[in-house]
Amino acid sequence: MTGVVESVGAEISAPTGGLAARTTGLRKVYGSTVAVAGVDLEVPRGAVVGVLGPNGSGKTTTIRMLLGLTQPTAGSVEVLGHEMPTHGDRVLPRVGALVEGPGFHPFLSGRENLLRCAAMEPALDSGEIRSAVGDALERVGLAGAAHRRYRGYSLGMKQRLGLAAALLVARDLVVLDEPTNGLDPAGTREIRRIIADLHKVGTTVLVSSHLLSEVEATCTHVAVMHQGSLVAQGDLATLLESGGPHLLVSTADVEGGLHALRDNGIPAREEDGVLRVELTEVDPPEVIATLVHAGVGVHEARRGRAGLEDLFARLTEEP
Ligand SMILES: Nc1ncnc2c1ncn2[C@@H]1O[C@H](COP(=O)(O)OP(=O)(O)OP(=O)(O)O)[C@@H](O)[C@H]1O
């Protein structure tokens, strides 16, 4: 995966309805394959939205259509208040993107490639190009390897260069397709930090991932894709709780715990060797007090977050 940045002409206009991007009935069909099956995606302004889904669920195709890189079979796309791809020339300079596809010259160095990208950024004067490139290389941790040919870069270094290109100038929206692909744990942490920094300054970020843990660590909102469809979207906290808040209690005496809770009118069941207590009518202190009072030792009690985890497990378990 290599990076490519979209550019040209900077201008600010407020997107409608507090959304930085929106798709309506977005669909893409390749022959007999329905890659994207009518997606209504909403990307709130200022949010970090994680597009989550197993391989082949349509994340990249959706992102490519959002950026005007792939023509939809049906449906519409609005980015920063403008129809895409019709108004791509107005919108794309304000959008930094790291997406799959060829973008860099194999025989040029990382720095030379980035200088070429920077020369196409309308927001950069020629006098600002060198320092913008230097800053971007520093920011993604590639300054030390900037003189080396792109051809010899590892996947992780290619990812970093793509990200550097996306961050050459301040953007209103940054779109990252699987940005941690090929990165080691330290590189993954750096990407998280960069996303957090973008969020702090109010940049909207749309980032795809097939890892729930990745999305949980970085995103304020999530959109879950499965077989081309959007099966859930919303703010992360709400989705995580959507299966109903519950408490998972580890104890050596599960049977005793079940009796103690049920005797006190607290519905509970065993789940994978621990007690699961729905928190609709009781709160965690009451559950723990009931168990302790009955002489059932509590090793650990934690809030379960069934909604998104269950949903995502169901998606990823399918062949
Ligand atoms: N250019 C293409 N031609 C034919 N089929 C395609 C093309 N691009 C994507 N597809 C198919 O569309 C479906 C969705 O692919 P897409 O790359 O959007 O999924 P994804 O969720 O991004 O997967 P991954 O996590 O593996 O990148 C897949 O079945 C894929 O094989």
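Which residues touch the most other members of the largest nonpolar core? In this predicted model, the answer is Ala164, Val175 and Val222, in a core of 74 residues. H5 is the top contributor here, giving six residues. As general background, nonpolar side chains in soluble globular proteins tend to be buried together.

Let's stay with Ala164 for a moment. Leaving out residues up to four places away in sequence, Ala164 touches Leu114, Ala136, Leu137, Arg139, Val140 and Leu142.

Ala164 also turns up where two helices pack, with Gly110, Asn113, Leu114 and Cys117 of H3 meeting Leu161, Ala164 and Ala165 of H5. Sorted by type, the residues of this contact are five nonpolar and two polar, with no charged ones. Here are the two partners:

| Helix | Residue range | Contact residues |
|---|---|---|
| H3 | residues 110-119 | Gly110, Asn113, Leu114, Cys117 |
| H5 | residues 155-166 | Leu161, Ala164, Ala165 |

How are the two helices arranged? Angles under 35 degrees count as roughly parallel, so H3 and H5 are roughly parallel to each other. The crossing of H3 and H5 is right-handed.

Zooming out, the chain has 11 helices and 15 strands. It runs to 319 residues, and 45% of them count as buried. Among contacts with a separation of 6 or more, 73% link residues 24 or more positions apart.

Definitions and conventions
Residues are numbered from 1 along each chain as its sequence is written. This is a predicted model: local features need pLDDT of at least 70, side-chain atom pairs count only at pLDDT 80 or more; totals for chains, interfaces and linings use all residues. Axes are lines fitted to C-alpha atoms, for helices over the stretch in contact, and angles run from 0 to 180 degrees between N-to-C directions. Helices (H or I, at least four residues) and strands (E, at least two) are DSSP runs, numbered from the N terminus. Angles under 35 degrees count as roughly parallel, over 145 as roughly antiparallel, 65 to 115 as roughly perpendicular and the rest as oblique. A crossing is left-handed if the near helix is turned anticlockwise from the far one by less than a right angle, and right-handed if clockwise. Two residues are in contact if their C-beta atoms, placed from the backbone, lie within 7 Å. Ala, Val, Leu, Ile, Met, Phe, Trp, Tyr, Cys and Pro count as nonpolar, Asp, Glu, Lys and Arg as charged, and the others, Gly among them, as polar. A nonpolar core is a set of buried Ala, Val, Leu, Ile, Met, Phe, Trp, Tyr and Cys residues joined through C-beta atoms within 7 Å. A residue is buried if 20 or more other C-beta atoms lie within 10 Å of its own, exposed if 12 or fewer, and partly exposed in between; C-beta atoms are placed from the backbone.
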